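Morning, everyone. Please have the sequence and the structure open while I talk.

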Amino acid sequence: MRARARVLLAVVTTLMVSAVLVGATPAAAADPHVIPRDPVAIDDIDALLEIYGPPEPRRSADPTADARCGSAAIDPVPDGQPIVVSMPPARGFTVGAIPSSWWRSPPVTDPTWLLQFQGLMWMRPLARRAAMDGQQQSLAAIVGQAVRFHQQNPDPNANRYGWDEGTALRRLETMNCLYALTGAASLRTGMAADAKVLLGWRYYGPPNHPVHNHGLMANLQLVRAGDLLGMPAWKSTAVNRMSKEAPLAFSRLGTSYEQSSMYQNVNAGLWAQGANVLHQSPGTESASTAIDATVAKARSVYQWMTEPDGAIVQVGDSDQQAGSIGSLTTPRVFRDGQTGWIIGRWSWTDPTTTYYTVRYGPGRRAHGHHDRAGGVTWSSRGVRVLVGPGRFSYDLTDRYNAYQLSPKGQNVAIPDKRKVTNAGGSVSAYVVQAPAHAWTIKDRMFGVDHVRNVNVNRDLPAMRVSDNFPAVTLWRQHWHLDPAWKHVSGSVNGTRLVFAHPSGRRVTITTTGRISSFVQGITRPPAGWHFPRFGSRVWAYEIVIRSYGRACTTTFRLS
């Protein structure tokens with residue numbers, strides 16, 4: 001292995017020198033390897049489970065299958081040709097000749113792009129393809145560029161220049177991949193630097209942060225790196241963390257504290273992989289068994305978060321994607337007071353059954369939105385009516401990110417001239433009957449008392465929502481229809497609106513307040529948008545109703 005590493009290092013040095021010699025004969029032009037936005041950079045569920053899941057079955061023709069590098073690049077990475085990488089919107093760059101200034105002054109400031117670039121995530125598909133094809137010079141060039149990153153951009157002991165925990169854990173993934181493919185000793189120093197971030201104060205977990213999926217992702221990579229490099233202390237630290245943190249990641253009923261229907265499944269899948277690691281670590285068998293039980297409950301909760309049409313309800317940061325309808329048979333209601341979820345449904349087999357969610361406390365965290373003042377969604381008769389916003393980006397400077405998080409992006413009531421706080425809410429009363437469910441939520445999300453009553457009727461079918469702010473005379477209800485609905489009748493300052501659905505269904509909206517607006521696709525500031533998946537936005541009606549009198553009641557009825 002040492003001889004192999006020396007050969008690789010020699011090749012890397014030769015390539016680097018040839019790249020900078022003045023007057024050297026230029027290499028033949030190479031088509032760029034277009035690297036799309038890596039789904040792991042936005043915490044895509046399937047990609048996360050691919051990276052953190054068990055290794056692929058080893059195939060005799062592909063000894064790289066267990067290196068956990070993900071999918072190989074489509075195009076070859078031939079020896080002797082420059083490895084040109086295209087990661088729009090930046091201009092193309094060449095492996096081995098990336099300007100050192102790019103690490104600290106990158107050409108793109110988008111957080112997702114930076115995570116992929118400084119996390120060296122773009123190297124994995126190229127490295128695996130080179131290894132599969134036996135292109136050792138190209139593989140060595142990729143290794144050399146990873147080494148140069150750590151030499152040119154050492155850890156500033158701060159959350160900048162790609163040395164935050166999220167970027168460091170992705171970079172350690174890449175380094176693990178490269179080391180598994182090559183065994184290059186030159187990678188060890190950089191791997192130790194990345195591991196130091198995840199072992200120190202920047203770790204995203206206790207004692208400095210609540211339990212989060214990033215912490216588990218970091219621990220899984222530390223276990224992998226510890227095994228590869230023979231660093232048992234890294235592995236033992238990670239295993240001990242997982243044993244202690246697993247009970248803190250979910251409520252007693254199995255709901256993730258990250259306040260997102262999509263991340264419910266992310267966390268269930270990641271903790272299942274964590275349990276697998278603990279099963280293989282002496283002394284942690286009981287902890288792994290307990291995690292298995294928690295994961296089973298978490299998967300059941302994910303079934304509750306799956307609408308009758310088979311896709312998940314979009315609550316918190318979430319995309320339109322397939323859910324899970326499994327073995328659950330008991331209809332009616334799921335309620336989790338620890339995490340502030342109410343979910344109601346009348347059937348597990350009828351795709352036209354009525355389904356709804358109500359959100360209340362605790363305060364917003366992780367992938368949650370400002371919806372805990374009784375924010376609702378509602379579907380019935382095979383169509384979605386009231387929906388959550390989904391997610392557009394994680395860029396805190398982006399106005400659509402602000403919209404997806406804000407109360408205006410949720411189905412809630414907002415008092416005039418009041419700022420949102422992180423105060424939670426609680427259930428003060430409820431009635432669950434065969435044909436109808438009623439919930440009363442009290443909160444101080446805006447620093448003043450608020451009472452919301454939600455009544456869902458299976459047979460009409462209808463949802464009626466009443467709001468009251470005892471100390472406020474003016475407030476506005478914001479309602480978000482699924483993008484499929486089209487306006488039929490009703491006008492501003494009226495009390496009735498009708499919308500039509502392509503299925504032939506209609507929803508009639510009546511209110512004791514007054515209709516202030518119903519808009520689609522407003523950009524500044526955003527209003528009337530839905531985000532079906534990350535980075536995608538479509539027009540969808542946002543209805544604003546202003547209060548009239550001491551209470552305001554709005555009813556949605558399908559026909």
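Predicted model: local features only at pLDDT ≥ 70, side-chain atom pairs only at ≥ 80, totals over all residues.

Salt bridges to begin with. How many salt bridges are there by our rule? The count comes to 13. I will show you some of them.

Start with Asp155 and Arg202. They form a salt bridge, and their closest N and O atoms are 2.8 Å apart. Now find them on the chain. Asp155 is in the loop between α5 (136-152) and α6 (165-182). Arg202 is in the loop between α7 (188-199) and α8 (213-229). The pair therefore ties together parts that are 47 residues apart in sequence. Buried or exposed? Look at each partner in turn. Asp155 is partly exposed, at 25% relative accessible area. Arg202 counts as buried, with 5% relative accessibility.

Next, Asp194 and Arg171. This is a salt bridge too, with the closest N and O atoms 2.9 Å apart. Asp194 sits in helix α7 and Arg171 in helix α6, so this pair ties together parts 23 residues apart in sequence. What about accessibility here? Asp194 is buried, with a relative accessible area of 0%. Arg171 is also at 0% relative accessibility and counts as buried.

Now Lys235 and Asp227. Their side chains meet in a salt bridge, at 3.2 Å from N to O. Lys235 is partly exposed, at 23% relative accessible area. Asp227 counts as partly exposed as well, at 48%.

One more item on charges. Which residues are linked in a network of salt bridges? They are Glu307, Asp309 and Arg384. Find those on your screen before we move on.

On to the sheets. Take the five-stranded one. It is an open sheet, and its strands follow the order β4-β5-β6-β7-β8. The pairing is antiparallel. The edge strands are β4 (332-336) and β8 (383-386), and each of them pairs on one side only. From one strand to the next, the twist averages 10°.

Strand β4 runs antiparallel to strand β5 (residues 341-345), and five bridges join the two. As a landmark, look for Phe334, which stands opposite Ile343 in β5. Now bring in a helix. Helix α11 (residues 285-304) lies across β4, β5 and β6 (355-359). The helix runs at about 125° to β4.

Strand β16 covers residues 496-500, and strand β17 covers residues 506-511. They pair in the antiparallel sense over five bridges. Phe499 has Val507 in β17 as its bridge partner. The hairpin of β16 and β17 has five residues between the strands. Gly504 takes a positive phi in this hairpin, near 100°.

Now step across to the next neighbour. Five bridges join β17 to strand β24 (residues 552-558), and these two run antiparallel.

Last stop: one aspartate. Where is Asp443 found? Look in strand β11, residues 436-443. Asp443 is buried, yet it has no salt bridge. Why no salt bridge? Our rule needs a side-chain nitrogen of Lys or Arg within 4 Å of a carboxyl oxygen. For Asp443, the nearest side chain of opposite charge is Arg452, and that is 7.2 Å away.

What does the side chain of Asp443 make a polar contact with? The partner is the side chain of His450, at 2.5 Å. A polar atom of the Asp443 side chain also lies 2.9 Å from the backbone nitrogen of Met445. Leaving out residues up to four places away in sequence, Asp443 touches Ala373, Gly424, Gly425, Val448, Asp449 and His450.

That is my tour. Questions, please.

Key: Residues numbered from 1 in each chain as written. Heavy atoms only, no water. Helix = DSSP H or I, 4+ residues; strand = E, 2+ residues; numbered from the N terminus. Buried < 20%, exposed > 50% of the residue type's maximum accessible area, 1.4 Å probe, protein only. Lys, Arg positive; Asp, Glu negative; His and termini not counted. Polar contact = N/O pair within 3.5 Å; in protein donor to acceptor, adjacent residues only side chain to side chain. Contact = heavy atoms within 4.5 Å. Pairing = 2+ DSSP bridges. Axes fitted to C-alpha atoms, helices over the stretch in contact; angles between N-to-C directions.
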